[in-house]
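Please keep the sequence and the structure at hand while reading.

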Amino acid sequence: MKRVLITGGAGYIGSHVAREFSRAGYLPVIFDDLSKGHREATGAFPLVVGDVRDTELLVRAMEDYSVEGVVHLAASSLVAESMQDPVPYFHNNVVGSLSVIEAVVRRRVRYIVFSSTAAVYGLPDEIPISEDAPIRPINPYGESKAMVERLLASCSRNAFFYCSLRYFNVAGAHPDGDLGEDHDPETHLIPIVLAAAAGRREAVEVYGGDYDTPDGTAVRDYIHVCDVARAHLLAYEYIKAGRNLVANLGNQRGYSVREVVEAARRVTGREIPVRLSPRREGDPPVLVADSALARRELGWRPVMSDLETIIETAWRWHLARPEGYRRAPGP
Ligand SMILES: NC(=O)c1ccc[n+]([C@@H]2O[C@H](COP(=O)([O-])OP(=O)(O)OC[C@H]3O[C@@H](n4cnc5c(N)ncnc54)[C@H](O)[C@@H]3O)[C@@H](O)[C@H]2O)c1
């Protein structure tokens, strides 16, 4: 059985990626420091608890499990936090990724799939955003991911093949019901809306009602986490044929904050109080992907990314696990 190391595999997206690889016949080996992730989300897969900046531990894990490739998702990913305190972001995301690259080169591992982000584009000139749009991140988080993309391009020559996937807004939960989003703090719109629907949060804070969009609220491209996970598997198979790729992962369809709240009211049948606040600095009015490249090169088609399915799966997860994953017992 081919083995793939999944850094950040105890996290939201990584746990879905691990399951997708397992279903395709790979053994996912999870490497995660559990700073944000959850042991329970790794199920029965082998788990190495460690920091990706510990290159020796990475090399040992790659050796012990004879891994063929790496899917590298481990990172810090809160935009606002990265603006308040940028150094730890560059440290975790850039130094951490360089450590992964170093271990890959030392172990002669041949493949890396990397979690990048739409935040590398900053404030785009054109919608939908295609991969050849200028890379102009406007926060340290996006900057750190853009730097890693460049590191991969420079270090890959004669060493490994790579794919950087620039995700838009990942949302939803696994239809099996046992994997879902559990972040602390939660900053993503859909889990926040559902927490308000469940009465676990007073109201949904809507930042900006005066954008130049059909209903005045910001528009984003939501993509189901299972569609994202499937794209990683396809990307991995693609680079195994000896090619590199940098591609967007989005649904090519935008929904406004108000549309998300309305859809959540329909799906849950609950009241969802909303509180309008001023715009946040640096929030673009519209972010929608052009994902023709991933569709063409990977043969990828999002199949769960209509808004109702995203919200239904997330709501099922929320009802089953209002507190999220089981926490390890405290001291
Ligand atoms: N969620 C989104 O909408 C979105 C959008 C674009 C990009 N991304 C990227 O996707 C990746 C996964 O995001 P997520 O939402 O699943 O986040 P997450 O926080 O749920 O998962 C990240 C995982 O990485 C682990 N980790 C962090 N630093 C580590 C380190 N130094 N060593 C080992 N493990 C470490 C955490 O414990 C966690 O399990 C991230 O790289 C993120 O930047 C996410």
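## Packing around α6

In this predicted model, α6 and α10 are oblique to each other, their axes coming within 10 Å and crossing at roughly 55 degrees. Helix α10 covers residues 307-320, and α6 passes it in a right-handed crossing.

Helix α6, which spans residues 189-197, also packs with helix α8, residues 257-268, where the axes come within 10 Å and cross at roughly 45 degrees. The angle therefore makes α6 oblique to α8, and the crossing of α6 and α8 is right-handed.

## The α2 and α4 pair

Another helix pair is formed by α2, made of residues 55-64, and α4, made of residues 86-106, which pack with their axes 9 Å apart and at an angle of about 45 degrees. With that angle, α2 and α4 are therefore oblique to each other, and the handedness of the α2 and α4 crossing is right-handed.

## The shell around the ligand

There are 30 residues around the ligand, and those that come nearest are Asp32, Leu73, Asn92, Tyr141 and Lys145. Sorted by class, the shell consists of twelve nonpolar, twelve polar and six charged residues.

Several secondary-structure elements contribute to this shell: α1 (12-23), β5 (111-117) and α5 (140-156) each supply at least two of its residues. The largest share, three residues, comes from β5.

## Backbone contacts and burial of the ligand

For Lys36, a polar backbone atom is 2.9 Å from an oxygen atom of the ligand, and for Val170 the corresponding distance is 3.1 Å. Taken alone, the ligand exposes 820 Å², and the protein buries 96% of that area.

Definitions and conventions. Residues are numbered from 1 along each chain as its sequence is written. This is a predicted model: local features need pLDDT of at least 70, side-chain atom pairs count only at pLDDT 80 or more; totals for chains, interfaces and linings use all residues. Side-chain values use heavy atoms; hydrogens and water are left out. A residue is near a molecule or strand if one of its heavy atoms lies within 4 Å of it. A polar contact is a pair of N or O atoms within 3.5 Å; within protein, one must be able to donate a hydrogen and the other to accept it, and residues adjacent in sequence count only if both atoms are side-chain atoms. Accessible areas come from the Shrake-Rupley method with a 1.4 Å probe; for residues, only the protein chains shown count as cover. Helices (H or I, at least four residues) and strands (E, at least two) are DSSP runs, numbered from the N terminus. Ala, Val, Leu, Ile, Met, Phe, Trp, Tyr, Cys and Pro count as nonpolar, Asp, Glu, Lys and Arg as charged, and the others, Gly among them, as polar. Axes are lines fitted to C-alpha atoms, for helices over the stretch in contact, and angles run from 0 to 180 degrees between N-to-C directions. Angles under 35 degrees count as roughly parallel, over 145 as roughly antiparallel, 65 to 115 as roughly perpendicular and the rest as oblique. A crossing is left-handed if the near helix is turned anticlockwise from the far one by less than a right angle, and right-handed if clockwise.
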